[in-house]
Amino acid sequence: MAVRRTDSADRVAAVRATGLLDGPESPGLRRLTHLAARLLEVPTALVSLVLDDRQVFASHLGLPPAWAALGQTPLTHSFCQHVVDGDRPLVVTDARENPLVKDNLAITEIGVVAYAGMPIRVDGQTLGAFCAIDGSPREWSEPDLAILSDLAAAVASEIELVRAAQHAEETSALVRRILEVSQDAYVSIDADGLVQEWNPAAERLFGWVREETVGADLSKLIVPEEHREAHRRGLDRVRETGTSVLAGQRLELPAVNRDGRTFPVEFTLQATNMAGGRPVFHAFLHDISARRTTEEQLRRQAELIDAAPAAIIVRDPDGTIRFWNQGAEQMYGWPASAALGRNIHRLLSTRFPTRLPDVELALEEIGSWAGELEHRRADGQVVVVLSRHVSRPAAGGTGLEIIETNTDITGRRRAEQAREESERRFRVQFHQSTIGQVIVGLDGNILHVNDAYARMVGRSASELAGYGVMLLTHPDDRDADTAALAGLFAEERDSYERVKRLLHADGRSIDVQTGVRLIRDADGRPLHLIGIVQDITEQVRARCERDAAQAVLAERNEQLQRANQLKLDLMGMLSHDIGTPLTAIMGYGEVLSDAELPPFLSNLTTRIITGAHRIDELRHNVLAMCKLDAGELTTERRPVPLAAALQDAADAADTVVPISCPAPLSVLANPAHLGQILVNFLTNARKYGGGATGITVEVTDGRVEIGVHDAGAGVPEELRSHLFERYTRAAGTAAEGHGLGLHIVASLAEANGGRVAYRPGDPVGSVFTLDLELESAG
């Protein structure tokens with residue numbers, strides 16, 4: 001069981017050694033108890049020295065007469081014992097409700113209700129408590145406790161003085177010894193400036209031995225020549241007035257040693273009156289050259305902090321700014337003169353990643369917090385900073401202060417967000433693509449596959465992770481794959497395309513058109529492979545069936561077959577042979593556009609993507625024309641959510657345009673035909689009208705009118721009646737085209753039970769409209 005501090009034999013011995021237990025009340029202690037009662041406006045103030053069995057009042061004011069006569073109480077009546085046990089202040093607002101003291105007999109017998117006690121510490125021992133007592137509940141303020149703490153320190157000093165006076169004769173030899181072993185130089189002089197005492201430390205500091213200095217003029221020993229006249233005038237003034245204006249002050253002055261070296265010293269000058277009223281001056285001096293060097297280093301460090309590129313801010317826990325370095329001025333645009341004294345969170349419109357109370361709790365519990373903040377500069381711009389807050393005791397030891405260091409990471413955060421957005425778009429494209437895509441490691445094992453690829457081979461995406469990609473290839477096609485891959489690694493080419501067979505989980509073969517590219521890092525080292533795979537099994541089967549049918553009919557319609565062969569080949573080429581690599585080109589182009597490329601490569605990538613979209617548009621138009629000419633253009637209408645279809649068309653046309661569409665709203669149409677019409681309108685707006693300025697939707701009598709607006713020159717009046725006829729083009733236009741696009745979209749609209757039209761814009765431009773049936777109209 002731990003020994004209570006009140007029971008410590010060493011501490012009790014220290015209390016007894018004060019000589020105050022049985023002696024008369026010290027006048028100094030009496031003044032302090034009266035001063036406490038007056039300053040704190042309390043009826044009772046006590047200097048309580050706590051023994052192991054009782055407390056003795058070395059000075060008291062306001063006790064009931066019986067207890068005042070005794071001058072002591074047993075510990076059953078002592079609050080001060082808890083100050084000693086805890087070695088810390090005890091502050092009680094209402095003792096009757098305080099769990100620690102509510103059963104103490106001092107409440108009923110002495111009338112103690114409100115209590116504030118400060119430890120009396122002497123020579124490392126807590127001897128007792130200096131306390132203020134009120135008979136009514138009281139909230140002790142911070143100023144009250146500060147006064148009581150200062151007076152407790154004064155009580156400790158007075159106890160030391162009393163003890164010193166009692167033992168003056170016994171300790172005179174000890175004082176001499178202390179002076180001899182003191183690390184500070186001790187020098188005393190009389191009113192004429194002649195040395196009276198000079199200890200060994202003074203000998204070491206100034207180079208003069210005691211025998212040389214006693215009786216000598218101090219100014220000639222240690223005062224630099226330029227200061228000697230001021231020293232003499234000061235002594236003259238003391239002799240004339242009998243007082244010293246420098247006595248009791250901590251001074252820093254230059255001194256000189258025997259060798260003539262000048263250096264700074266710090267000392268406190270004290271004056272005592274000897275017999276006859278002539279003063280004697282005493283001073284302990286020490287060389288502060290090292291401290292001055294340290295202070296200079298601190299000054300330079302402060303300059304470095306002020307010049308640091310990061311914002312370094314010192315503030316109170318409530319956010320009040322106390323220090324604002326140049327880095328903060330540069331980062332936020334507010335000069336220190338405008339920032340100091342203001343609340344940092346309001347000045348900078350701070351946005352925390354969590355609640356402010358959570359941040360304050362972290363500072364209180366662990367003393368630090370770090371995270372990203374958003375701040376607003378003086379010019380209104382928002383900056384993202386990496387911020388670290390550290391809580392520490394404030395200068396002077398009162399309260400806490402927060403050191404906040406902020407580094408601007410706005411650029412890095414924007415780059416990260418751009419990369420994350422790019423990765424998000426890639427993931428969406430990768431996983432939602434209807435064409436199979438696979439990413440393969442250099443070891444030949446699959447890293448990622450999309451659902452389209454997994455369905456193609458009859459397995460799940462999770463099942464394929466880590467699976468050897470070569471095991472999915474038909475054995476007869478593996479050698480050709482290996483040779484093609486060797487060409488990629490040998491840098492003979494960046495990618496290859498080929499038709500091969502994959503193995504389905506049920507054992508059957510799948511005909512696929514595949515494109516493979518080797519991805520390298522910035523230094524040209526291989527990273528992984530990306531494959532684009534399209535299932536062409538049905539196309540191959542259809543081609544075989546078509547060839548068989550043609551062989552049966554070849555004898556009877558050979559001439560017709562030759563006439564239609566070109567059209568069939570063209571449709572097959574556009575649908576498959578051109579469509580597959582074109583999809584790969586657009587896909588790889590989009591991947592490259594999201595990468596950080598040099599400007600000239602970025603421009604080339606944009607041109608590649610634009611050209612690919614142009615070819616794709618032409619392919620769809622030619623296919624549509626072929627079907628029109630063959631009388632094969634049919635459609636199956638179904639409900640299509642209009643808002644999503646409009647956005648998809650804008651994305652497909654690589655156009656950012658305002659869309660005004662009530663949601664939810666659905667039309668009856670073939671989704672592919674609807675998309676082709678809208679993309680054609682948006683593409684024409686870019687070619688001839690400087691780009692679409694808006695897409696509007698109006699509902700009237702069960703019909704929906706979709707309008708694509710531009711602010712271009714408009715369609716010449718003489719062309720408007722022929723606008724949707726085949727091969728109609730404006731003369732002199734610089735845009736590419738064959739005059740088939742509007743004819744095709746008119747046919748597609750008609751096949752979907754709708755119609756297209758044109759009207760001039762207001763006040764300029766054009767409006768191309770598509771009229772379709774509203775789903776709910778029937």
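The legends below describe close-up views of a predicted model. Local features need pLDDT of at least 70 and side-chain atom pairs count only at pLDDT 80 or more, while totals for chains, interfaces and linings use all residues. Residues are numbered from 1 along each chain as its sequence is written, and side-chain values use heavy atoms, without hydrogens and water.

**View A. An open sheet of 5 strands with antiparallel pairing.** The strand order is β13-β12-β16-β15-β14; strands are DSSP runs (E, at least two residues) numbered from the N terminus, and two of them pair if DSSP finds at least two bridges between them. Because β13 (321-324) and β14 (368-376) each have a single partner strand, they form the edges, and one side of each has no neighbour in the sheet. From one strand to the next, the twist averages 25°, with axes fitted to C-alpha atoms and angles running from 0 to 180 degrees between N-to-C directions.

**View B. The pairing of β14 with β15.** These antiparallel strands are joined by 9 bridges, β15 covering residues 382-393. Opposite histidine 375 stands valine 383 in β15.

**View C. Helix α16 (residues 356-366) across the sheet strands.** The helix (a DSSP run of H or I, at least four residues) lies across β12 (311-315), β14, β15 and β16 (400-408), where contact means heavy atoms within 4.5 Å. Helix α16 runs at about 150° to β14.

**View D. Cysteine 80 and cysteine 131.** Their sulfurs are 3.9 Å apart, too far for a bond; a disulfide needs two cysteine sulfur atoms within 2.5 Å. The whole structure contains 0 disulfides. Cysteine 80 is buried, at 2% relative accessibility (buried is under 20% relative accessible area, exposed over 50%, partly exposed in between; 1.4 Å probe, protein chains only).
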